[in-house]
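Take a look at the chain below. This report walks through its layout, part by part.

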Amino acid sequence: MPTHPTAPESLPQYLAEGVPKQDDEDLHALQDWIDDLLEYRQDIAAEDIDASEGESIEAVEESSSGTVVIKKVSCGKDNCKCQSGELHGPYKYVVRRQGNSLNWDYKGPVSE
Ligand SMILES: [Zn+2]
């Protein structure tokens, strides 16, 4: 007799206990929903990427790990050259959705 598959260890208990209780139809629906959620998190349109004050978006590219954004930034210091428009960077970020906001994961400087 096949053994019951174990849930991923990192899964919260309410999911590990709750998911196996669903019927086949709901499990398939859940599977589709998870696929949609993952796709949604990675699908960030260029217009969703807003440049804050003192920032300049140089490039937005799709990648398998998320949306890669290259931008130049201001450090906010009063006497810095960036205050007169000479921004720092460019720096690379991978942007993903987290709830209703965007999570900017800093990946380091980019050589021009
Ligand atoms: Zn600066």
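## Two domains

The centres of domain 1 and domain 2 are 33 Å apart, taken over C-alpha atoms. Domain 1 covers residues 13–42, and domain 2 covers residues 46–109. Keep in mind that this is a predicted model.

One pair of residues gives another distance across the chain. Tryptophan 33 and leucine 87 lie 54 residues apart in sequence. Their C-alpha atoms are 42 Å apart in space.

## Overall shape

What does the chain contain? It has two helices and four strands. Read from the N terminus, the order of the elements is α-α-β-β-β-β. The chain is more spread out than a compact globule, because its radius of gyration is 21 Å, well over the 13 Å that the globule rule gives for 112 residues.

The box filled by the C-alpha atoms tells us about the proportions. Along the principal axes, that box is roughly 70 × 25 × 25 Å. How many of the 112 residues count as buried? The share is 4%. Contacts across the sequence can be counted too. Take the contacts between residues at least 6 apart in sequence: 24% of them join residues at least 24 apart.

## Helix H2

Helix H2 spans residues 24–42, which makes 19 residues. From its first C-alpha to its last, H2 reaches 28 Å. That is close to the 27 Å expected at 1.5 Å a residue.

Is H2 in the open or buried? The number of buried residues among its 19 is zero, so H2 lies largely in the open. Tryptophan 33 sits in this helix.

Now for the strands. Four of them form an open sheet, in the order E1-E2-E3-E4, with antiparallel pairing. In general, strands of a sheet pair through backbone hydrogen bonds, either parallel or antiparallel. Which strands stand at the edges? They are E1 (56–63) and E4 (101–109). Each has a single partner strand, so one side of each is left without a neighbour in the sheet. Neighbouring strands of the sheet are turned by 30° against each other on average, direction ignored.

E1 also lies largely in the open, because the number buried among its eight residues is zero.

## Strand pairs

E1 and E2 make a hairpin, with two residues between them. The two strands run antiparallel and are joined by seven bridges. Follow the pairing residue by residue. Isoleucine 57 stands opposite lysine 71 in E2. Glutamate 61 stands opposite valine 68 in E2.

Valine 68 also leads on to the next strand. Its bridge partner in E3 is valine 94. E2 and E3, the latter covering residues 88–98, pair in the antiparallel sense over six bridges.

Proline 90 has its place in strand E3. What kind of peptide bond joins glycine 89 and proline 90? The bond is cis, with omega about 10°. As a rule, most peptide bonds are trans.

## A buried residue: threonine 67

Threonine 67 belongs to strand E2, which covers residues 66–73. Is threonine 67 buried or exposed? The cut-off for a buried residue is 20 or more other C-beta atoms within 10 Å. Threonine 67 has 22 within that distance, so it is buried.

Which residues does threonine 67 touch, leaving aside its neighbours within four places in sequence? Its contacts are Ile44, Val60, Glu62 and Val95. Alanine 46 gives one more reference point. Threonine 67 and alanine 46 are 21 residues apart along the chain. Their C-alpha atoms are separated by 8.9 Å.

Note on methods: Residues are numbered from 1 along each chain as its sequence is written. This is a predicted model: local features need pLDDT of at least 70, side-chain atom pairs count only at pLDDT 80 or more; totals for chains, interfaces and linings use all residues. The radius of gyration is taken over C-alpha atoms; the globule rule is 2.2 Å times the number of residues to the power 0.38. A residue is buried if 20 or more other C-beta atoms lie within 10 Å of its own, exposed if 12 or fewer, and partly exposed in between; C-beta atoms are placed from the backbone. Two residues are in contact if their C-beta atoms, placed from the backbone, lie within 7 Å. Domain bounds come from an automatic or database domain assignment. Two strands pair if DSSP finds at least two bridges between them. Axes are lines fitted to C-alpha atoms, for helices over the stretch in contact, and angles run from 0 to 180 degrees between N-to-C directions. The expected span of a helix is 1.5 Å times one less than its number of residues.
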